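Have the model open while you read.

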Amino acid sequence: MTRTASLERNTKETQIQLAFTIDGEGAAKLETPVPFMTHMLDLFTKHGQFNLDLQANGDVDIDDHHTTEDIGICLGQALKEALGDKVGIKRYGNAFVPMDEALAQVVVDLSNRPHLEIRAEFPSQKVGTFDTELVHEFLWKLALEARMNLHVIVHYGTNTHHIIEAIFKALGRALDEATMIDPRVKGVPSTKGML
């Protein structure tokens, strides 16, 4: 079973081509006009043991919002498609990741019920040219389109780059756990009989 998905999204604001494989090798091929987001997606892919091929263009002359948001939309849709019927998956994932002085925790439930809960404060409004409020925008669109519960808790940290990096690494690791096939699971892991 190959759990993979490819899609394309073209709007007046962005043009995105994305291929995503759940059972990958941590290989990322990324071309985006948002350098900080490219860095975070590289970390996410590596720590989740996914494969991600992404080509994105957008109206970054305005700001990074549309491009970051639409990458989140596309990645969420690809994750949902690649999961298919979710038979045999663990469903839940939890990861703590330290990054120097920062500690982030991400907990996911591939429940088919989209929700984002984020408990994080970013000391700086920008990392380089990247607006840190876009972390929330990306995560919300990812959770919405993947139809998952996504809880992000930053326990502490003082360096904004470190905090966000810990979040993306923990996100990859939590999703790696949640998407794993568990041979003990018969059907889908729900008493409802469906997710």
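Start with the buried side of α3 (residues 133-146): L134, V135, E137, F138, L139, K141, L142, A143 and A146 are its buried residues, where buried means under 20% relative accessible area with a 1.4 Å probe, protein chains only. Helices here are DSSP runs of H or I with at least four residues, strands are runs of E with at least two, and both are numbered from the N terminus.

A word on the source: this is a predicted model, so local features need pLDDT of at least 70 and side-chain atom pairs count only at pLDDT 80 or more, while totals for chains, interfaces and linings use all residues. Residues are numbered from 1 along each chain as its sequence is written, and side-chain values use heavy atoms, with hydrogens and water left out.

What do the buried residues of α3 pack against? Their partners are α1 (35-48), α2, β7 (115-119), β9 (130-131), β10 and α4 (160-179), with contact meaning heavy atoms within 4.5 Å.

Two of those partners are helices worth a side-by-side look. Axes are lines fitted to C-alpha atoms over the stretch in contact, and angles run from 0 to 180 degrees between N-to-C directions.

| Helix pair | Angle | Axis distance |
|---|---|---|
| α2 and α3 | about 25° | 7 Å |
| α3 and α4 | roughly 15° | within 12 Å |

The angle makes α2 roughly parallel to α3, a label for angles under 35 degrees. α2 passes α3 in a right-handed crossing, meaning that the near helix is turned clockwise from the far one by less than a right angle. By class, this contact has 8 nonpolar, 5 polar and 5 charged residues. For the classes, Ala, Val, Leu, Ile, Met, Phe, Trp, Tyr, Cys and Pro count as nonpolar, Asp, Glu, Lys and Arg as charged, and the others, Gly among them, as polar.

α3 and α4 are roughly parallel to each other too, but their crossing is left-handed, the anticlockwise case. Here V135, F138, L139 and L142 of α3 meet I164, I167, F168 and L171 of α4. That contact has 8 nonpolar residues, with no polar and no charged ones.

Is L150 buried or exposed? It counts as buried, because its relative accessibility is 0%. Leaving aside neighbours within four places in sequence, the contacts of L150 include L139 and A143, as well as L171.

Notes
Parallel < 35°, antiparallel > 145°, perpendicular 65-115°, else oblique. Buried < 20%, exposed > 50% of the residue type's maximum accessible area, 1.4 Å probe, protein only.
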